[in-house]
Amino acid sequence: MSEQIQDYSYLDQIALQKEKWNDLNKSELQAMCFRTFMLYGKSQNKNMILTVFEMYEFLMANSSTTDRTKMMTAISANIRKKNTKAIMALFPFIHVEEDANIIRTASQFFINLSVISNKEAISGTKILLELIKDDLNDARSAYVLLGLLDIDNEKVNAQVSLIYSELGSEVKTILHNNGVKI
(Lines give C-alpha, C1' and ligand atoms only; values in the text may rest on other atoms or scores of the structure.)
Protein backbone atom coordinates (compact mmCIF):
# COMPACT_ATOMS: atom_id res chain seq x y z
CA MET A 1 0.00 0.00 0.00
CA SER A 2 1.52 3.32 -1.00
CA GLU A 3 1.67 6.18 1.43
CA GLN A 4 -0.44 9.18 0.46
CA ILE A 5 1.57 12.38 0.14
CA GLN A 6 0.07 15.52 1.64
CA ASP A 7 -0.18 18.54 -0.68
CA TYR A 8 1.27 21.50 1.20
CA SER A 9 1.40 23.90 -1.75
CA TYR A 10 -1.23 26.13 -0.07
CA LEU A 11 1.44 27.00 2.51
CA ASP A 12 3.42 28.95 -0.07
CA GLN A 13 0.92 31.82 0.19
CA ILE A 14 0.79 31.61 4.00
CA ALA A 15 4.59 31.89 4.09
CA LEU A 16 4.14 35.50 2.99
CA GLN A 17 1.44 36.18 5.61
CA LYS A 18 3.23 36.22 8.94
CA GLU A 19 0.01 36.97 10.81
CA LYS A 20 -1.33 33.54 9.79
CA TRP A 21 1.62 31.49 11.02
CA ASN A 22 0.06 31.05 14.48
CA ASP A 23 -2.88 29.25 12.85
CA LEU A 24 -0.67 26.46 11.52
CA ASN A 25 -0.38 23.10 13.23
CA LYS A 26 3.06 21.58 13.83
CA SER A 27 3.13 19.63 10.54
CA GLU A 28 2.04 22.64 8.52
CA LEU A 29 4.63 24.88 10.19
CA GLN A 30 7.39 22.40 9.49
CA ALA A 31 6.26 21.90 5.88
CA MET A 32 6.03 25.66 5.29
CA CYS A 33 9.53 26.21 6.68
CA PHE A 34 10.97 23.29 4.72
CA ARG A 35 9.41 24.52 1.46
CA THR A 36 10.46 28.14 2.03
CA PHE A 37 14.03 27.30 3.05
CA MET A 38 14.43 25.03 0.02
CA LEU A 39 13.01 27.73 -2.27
CA TYR A 40 15.50 30.22 -0.83
CA GLY A 41 18.31 27.68 -1.23
CA LYS A 42 17.46 27.10 -4.89
CA SER A 43 16.80 30.73 -5.82
CA GLN A 44 19.17 32.53 -3.43
CA ASN A 45 16.80 35.46 -3.83
CA LYS A 46 18.11 38.14 -1.46
CA ASN A 47 14.58 39.54 -1.14
CA MET A 48 13.61 36.36 0.74
CA ILE A 49 16.22 36.67 3.49
CA LEU A 50 14.11 38.73 5.91
CA THR A 51 11.15 36.35 5.54
CA VAL A 52 13.40 33.30 5.95
CA PHE A 53 15.00 34.72 9.09
CA GLU A 54 11.65 35.76 10.62
CA MET A 55 10.22 32.35 9.77
CA TYR A 56 13.17 30.62 11.43
CA GLU A 57 12.77 32.74 14.56
CA PHE A 58 9.09 31.73 14.64
CA LEU A 59 10.10 28.09 14.12
CA MET A 60 12.56 28.29 17.04
CA ALA A 61 9.88 29.72 19.30
CA ASN A 62 7.42 26.98 18.33
CA SER A 63 9.54 23.84 18.02
CA SER A 64 12.09 21.84 19.93
CA THR A 65 15.75 21.53 19.09
CA THR A 66 15.02 17.91 18.17
CA ASP A 67 12.39 19.01 15.64
CA ARG A 68 14.75 21.60 14.14
CA THR A 69 17.58 19.07 13.99
CA LYS A 70 15.29 16.65 12.15
CA MET A 71 14.31 19.38 9.70
CA MET A 72 17.94 20.36 9.12
CA THR A 73 18.79 16.71 8.45
CA ALA A 74 15.84 16.34 6.06
CA ILE A 75 16.83 19.50 4.19
CA SER A 76 20.41 18.24 3.95
CA ALA A 77 19.22 14.89 2.60
CA ASN A 78 16.98 16.64 0.06
CA ILE A 79 19.89 18.82 -1.07
CA ARG A 80 22.16 15.79 -1.37
CA LYS A 81 19.65 13.73 -3.37
CA LYS A 82 17.74 16.26 -5.47
CA ASN A 83 18.96 19.85 -5.22
CA THR A 84 22.74 19.94 -4.92
CA LYS A 85 22.90 23.67 -5.68
CA ALA A 86 20.47 24.57 -2.85
CA ILE A 87 22.95 24.57 0.05
CA MET A 88 21.84 28.05 1.12
CA ALA A 89 18.69 26.36 2.46
CA LEU A 90 20.87 25.63 5.51
CA PHE A 91 21.63 29.32 6.03
CA PRO A 92 18.95 29.97 8.71
CA PHE A 93 20.21 26.99 10.74
CA ILE A 94 23.62 28.67 10.82
CA HIS A 95 22.75 32.36 10.96
CA VAL A 96 19.60 32.49 13.11
CA GLU A 97 19.66 29.34 15.26
CA GLU A 98 20.61 29.69 18.92
CA ASP A 99 21.42 26.05 19.75
CA ALA A 100 25.17 25.41 19.54
CA ASN A 101 24.85 21.82 18.32
CA ILE A 102 22.50 22.76 15.48
CA ILE A 103 24.78 25.61 14.35
CA ARG A 104 27.81 23.32 14.47
CA THR A 105 26.10 20.48 12.60
CA ALA A 106 24.54 22.81 10.01
CA SER A 107 28.02 24.23 9.32
CA GLN A 108 29.36 20.70 8.75
CA PHE A 109 26.47 19.86 6.43
CA PHE A 110 27.02 23.14 4.57
CA ILE A 111 30.69 22.38 3.90
CA ASN A 112 30.10 18.74 2.98
CA LEU A 113 27.25 19.67 0.64
CA SER A 114 29.29 22.45 -0.94
CA VAL A 115 31.69 19.75 -2.11
CA ILE A 116 28.80 17.95 -3.82
CA SER A 117 27.41 21.15 -5.33
CA ASN A 118 30.64 22.59 -6.71
CA LYS A 119 33.37 20.02 -6.01
CA GLU A 120 35.24 22.28 -3.61
CA ALA A 121 35.06 22.52 0.19
CA ILE A 122 36.89 25.83 0.21
CA SER A 123 34.02 27.74 -1.41
CA GLY A 124 31.64 26.70 1.37
CA THR A 125 34.29 27.54 3.95
CA LYS A 126 34.77 30.99 2.45
CA ILE A 127 31.02 31.63 2.55
CA LEU A 128 30.82 30.73 6.24
CA LEU A 129 33.96 32.68 7.15
CA GLU A 130 32.53 35.70 5.33
CA LEU A 131 29.30 35.25 7.30
CA ILE A 132 31.05 35.43 10.68
CA LYS A 133 33.87 37.88 9.86
CA ASP A 134 32.05 40.88 11.34
CA ASP A 135 31.29 39.15 14.62
CA LEU A 136 34.36 37.21 15.68
CA ASN A 137 33.53 37.58 19.36
CA ASP A 138 30.08 36.01 19.17
CA ALA A 139 29.41 32.48 20.43
CA ARG A 140 27.61 31.64 17.17
CA SER A 141 30.87 32.29 15.32
CA ALA A 142 32.64 29.82 17.58
CA TYR A 143 30.12 27.09 16.78
CA VAL A 144 30.42 27.77 13.04
CA LEU A 145 34.20 27.47 13.40
CA LEU A 146 33.85 24.24 15.39
CA GLY A 147 31.65 22.85 12.62
CA LEU A 148 34.32 23.75 10.07
CA LEU A 149 37.10 22.24 12.14
CA ASP A 150 35.04 19.06 12.68
CA ILE A 151 35.39 18.42 8.94
CA ASP A 152 39.11 17.84 9.62
CA ASN A 153 40.13 18.86 6.13
CA GLU A 154 43.58 20.36 5.65
CA LYS A 155 42.36 23.10 3.25
CA VAL A 156 39.41 24.01 5.49
CA ASN A 157 41.64 24.11 8.58
CA ALA A 158 44.12 26.37 6.76
CA GLN A 159 41.34 28.83 5.88
CA VAL A 160 40.07 28.86 9.46
CA SER A 161 43.56 29.38 10.89
CA LEU A 162 43.88 32.63 8.90
CA ILE A 163 41.38 34.34 11.22
CA TYR A 164 42.69 33.04 14.57
CA SER A 165 44.42 36.35 15.36
CA GLU A 166 41.12 38.22 14.88
CA LEU A 167 39.04 36.06 17.23
CA GLY A 168 37.56 37.61 20.34
CA SER A 169 37.99 36.19 23.82
CA GLU A 170 34.55 34.54 23.98
CA VAL A 171 35.17 32.66 20.72
CA LYS A 172 38.69 31.65 21.81
CA THR A 173 37.32 30.38 25.13
CA ILE A 174 34.63 28.26 23.42
CA LEU A 175 37.16 26.87 20.93
CA HIS A 176 39.63 26.12 23.75
CA ASN A 177 36.92 24.41 25.81
CA ASN A 178 36.23 22.20 22.79
CA GLY A 179 39.85 21.15 22.41
CA VAL A 180 40.94 23.56 19.68
CA LYS A 181 44.48 24.87 20.11
CA ILE A 182 44.97 28.37 18.79
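**Notes on the aromatic pairs and the core**

1. Let's start with the rings: this structure has 6 aromatic pairs. To count as a pair, rings of Phe, Tyr and Trp (its six-membered ring) need centres within 6.5 Å; planes under 30 degrees apart are called stacked, over 60 edge-to-face, and the rest tilted. Take Phe37 and Phe93: their ring centres are 5.9 Å apart and their planes sit at 85 degrees, so this pair is edge-to-face.

2. A word on where the numbers come from. This is a predicted model, where local features need pLDDT of at least 70, side-chain atom pairs count only at pLDDT 80 or more, and totals for chains, interfaces and linings use all residues. Residues are numbered from 1 along each chain as its sequence is written, and side-chain values use heavy atoms, with hydrogens and water left out.

3. Which helices hold Phe37 and Phe93? Phe37 is in helix H2 (residues 26–43) and Phe93 is in helix H5 (residues 91–95), so the pair ties together parts 56 residues apart in sequence. Helices here are DSSP runs (H or I, at least four residues), numbered from the N terminus. Both residues are buried, meaning under 20% relative accessible area with a 1.4 Å probe, protein chains only.

4. Now look at Phe53 and Phe91, a tilted pair with 5.8 Å centre to centre and 35 degrees between the planes. Phe53 belongs to helix H3 (residues 49–61) and Phe91 to H5, so this pair joins parts that are 38 residues apart in sequence. Phe53 is buried at 16% relative accessible area, and Phe91 is buried too, at 10%.

5. Phe93 is worth a click in your viewer.

6. What about the largest nonpolar core? That core has 58 residues, and among those touching the most other members are Phe37, Phe93, Met32 and Leu145. A nonpolar core is a set of buried Ala, Val, Leu, Ile, Met, Phe, Trp, Tyr and Cys residues joined through side-chain atoms within 4.5 Å. In soluble globular proteins, nonpolar side chains tend to be buried together.

7. Finally, a check on H3. Its 13 residues should span 18 Å, and its end C-alpha atoms are 18 Å apart, which agrees; the expected span is 1.5 Å times one less than the number of residues. Buried residues of H3 include Val52, Phe53, Tyr56 and Leu59.

Conventions:
Buried means under 20% relative accessible area, exposed over 50%, partly exposed in between (1.4 Å probe, protein chains only). Helices (H or I, at least four residues) and strands (E, at least two) are DSSP runs, numbered from the N terminus.
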